[in-house]
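Q: Can you walk me through this one? I'd like to start with confidence and then go through the details.

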Amino acid sequence: MTTYYSEEHEWVTVEGDIATVGITQHAADQLGEIVFCEQKEAGDDFEKGDEIGVIESVKAASEIYAPLDGEVVEANAVLEENPGALNESPEGEAWIYKIKLADAAQLEELMDLDGYKALIG
Amino acid sequence: MTDAPKRTPLYDLHVELGGKMVDFAGWEMPVQYPMGIMGEHKQCREKAALFDVSHMGQVILRGENVGEKLETLCPQAYATLKEGKARYGFFTNDDGGIMDDLIVSNAGDHYFVVVNAALRHQDIPHMQANLDGVEVTEIFDRALVAIQGPAAESVVGDLCPAAREMKFMETIVAAIAGVECRISRLGYTGEDGYEISIPEDKAIEVSRAFLAHDDCEPAGLGARDSLRLEAGLCLYGNDIDQSTSPIEASLSWAIQKRRKEEGGFPGAARIQKELAEGAAKKLVGIKPTGRAPARQGVEVQCAEGNTIGAITSGSFGPTVGGPVAMGYVSAGHAKPGETVNLIIRGKAQPAEIVALPFVTQNYKR
């Protein structure tokens, strides 16, 4: 399965018209120990670039920005009870949203792994 | 700030230990080490942690009747501070606000004062201009290191047995690993511990000797902030400033009885009036019911939806295991147990007014 990356350090994988979105390990490492994740609810829709959640470490809050237009199908309930999972497995069990894509063509605007690696140096 | 941040005598050690360096009040300081803020916080609560606090201003006062003269600037009873004792206090302004908080020690032939890093440029001229006949000298050639936590007595006492015998808020001069240091049994974490003033050229050597103890690990400014917040201790610039009075800040415990009665310090009119009648607002502990941390600036509303105050310090408390905060609320809503709402990103989140501190202070009385 192809993984796409945004400049806001999110990853996106797609099955049919459903995208799974999370933050990269690099982003999780930069944020430090995560203690809270505020998520939107199923049914909320948004456009690319909108703020769709907040991740808080001990020290500070950081916004999550939508990498694509879409609608939340499911917010990962694991993060409510165990936000620290975002440090342990941000690219695995600690995905943040399942999103119904509004415009699959927007995937082409995201980076591939090589592009993302170049971004984070 | 146009100048490059300054480095403390421990800079090379921080880098060697993997400290993540940030600019804090004009100083390049470690915010955390590889252990992380949570681990460093728990290290301090359970064992012992070493903090570099050399960015704070260390000042020597020499002259006749220094304690009495300090009483003209501070509402503390410094004239009766015994030799070998330290006392927390603050400079007040003519309106009864707090200019800075500080620790004053009576060192026998002089007084030793520690002030906040960002305010030394205010405090030192303030003392020079107002302490008539007192020589005010900032010392730049000494590091200041805090060893904090239940194992602090063992960490410091193994190298300096005299430190074991000290009580909370006592200060002595003694040798640690052959280096003459000023050792004070105090700190700002809510735990037992020491702050140790060390000649700069020996600071890394002495710090390494502490870190050689199995129970001592380095901790950064991140853990220092979450520790002091759980301990209910004010951070100047967040929780107290030129506009807040000590009574509003719930610091009346730090003003001794004689000074409360006699006055004779800047802003005494307001402070004595608030002591008698109560202040209009009060600094309180605020415990969010949910998991979302409430940061500085978050609005506090009463159950009916009216604004009653704002958060001044807020974070995640690693020992509490959830968010903790302090803030000012109007006096009518300051009772522990009162339910309030915190407006976080536009949404009302429930919280409760609680007594401070969030964790029991563990001082060696």
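Q: What kind of model is it?
A: The model is predicted.

Q: What are the ipTM and pTM of the complex?
A: The predictor gives an ipTM of 0.87 and a pTM of 0.94 for the complex.

Q: And the average pLDDT of chain B?
A: Chain B has an average pLDDT of 97, and 99% of the residues score at least 70.

Q: On to the contact between the chains. How many residues come from chain A and how many from chain B?
A: Chain A gives ten residues to the contact and chain B gives twelve residues. On the side of chain A that touches chain B, strand E4 (34-39) and strand E6 (51-57) of chain A each supply at least two residues.

Q: Now helix packing. How do the axes of H2 and H7 of chain B cross?
A: Helix H2 (residues 37-46) and helix H7 (residues 221-230) of chain B have axes that come within 8 Å and cross at roughly 55°. That angle is why H2(B) counts as oblique to H7(B).

Q: Left-handed or right-handed?
A: The crossing of H2(B) with H7(B) is right-handed.

Q: Which residues meet there?
A: From H2(B) there are B:Ile37, B:Glu40, B:His41 and B:Cys44, and they meet B:Gly222, B:Ala223, B:Ser226 and B:Leu227 of H7(B). By class, that contact has four nonpolar, three polar and one charged residues.

Q: B:Ala223 again: how far is B:Ala151 from B:Ala223?
A: Their C-alpha atoms are separated by 17 Å, and the two residues are 72 residues apart along the chain.

Q: Where is B:Ala151, and what is it in contact with?
A: B:Ala151 is in the loop between strand E9 (142-148) and helix H5 (152-157) of chain B. Leaving aside neighbours within four places in sequence, B:Ala151 is in contact with B:Lys47, B:Ala48 and B:Asp215.

Q: Is B:Ala151 buried or exposed?
A: B:Ala151 is buried, because 23 other C-beta atoms lie within 10 Å and the cut-off for buried is 20 or more.

Q: Backbone next. Which peptide bond is cis?
A: The bond from B:Leu356 to B:Pro357 is cis, with omega near 0°. B:Pro357 lies in the segment after strand E19 (347-354) of chain B.

Q: What about phi of A:His9?
A: Phi of A:His9 is near 65°, a positive value in a residue other than glycine. A:His9 sits in the loop between strand E1 (3-5) and strand E2 (10-15) of chain A, and it is buried, with 23 other C-beta atoms within 10 Å.

Q: And phi of B:Ala177?
A: B:Ala177 is not a glycine either, and its phi is positive, about 50°. B:Ala177 lies in the loop between strand E10 (171-176) and strand E11 (179-184) of chain B. With 16 C-beta neighbours inside 10 Å, B:Ala177 counts as partly exposed.

Q: What follows H9(B)?
A: H9(B) is followed by B:Gly278, which has a positive phi near 90°. Helix H9 (residues 268-277) of chain B has B:Arg270, B:Ile271 and B:Gln272 as its buried residues.

Q: Switching to strands: where is A:Gly70, and what does it touch?
A: A:Gly70 lies in strand E8 (residues 70-75) of chain A. Residues up to four places away in sequence aside, A:Gly70 touches A:Ala19, A:Asp45, A:Phe46, A:Ile99, A:Lys100, A:Leu101 and A:Ala102.

Q: Last one, B:Arg62. What does it touch?
A: Not counting residues up to four places away in sequence, B:Arg62 touches B:His110, B:Val134 and B:Glu135. B:Arg62 is in strand E4 (residues 57-62) of chain B, and it is partly exposed, with 14 other C-beta atoms within 10 Å.

Technical notes. Residues numbered from 1 in each chain as written. Chains lettered and ligands numbered in written order. Predicted model: local features only at pLDDT ≥ 70, side-chain atom pairs only at ≥ 80, totals over all residues. pLDDT = per-residue confidence, 0-100. Axes fitted to C-alpha atoms, helices over the stretch in contact; angles between N-to-C directions. Helix = DSSP H or I, 4+ residues; strand = E, 2+ residues; numbered from the N terminus. Parallel < 35°, antiparallel > 145°, perpendicular 65-115°, else oblique. Left-handed = near helix turned anticlockwise from the far one by under 90°. Contact = placed C-beta atoms within 7 Å. Nonpolar A, V, L, I, M, F, W, Y, C, P; charged D, E, K, R; others polar. Buried ≥ 20, exposed ≤ 12 C-beta atoms within 10 Å, placed from the backbone.
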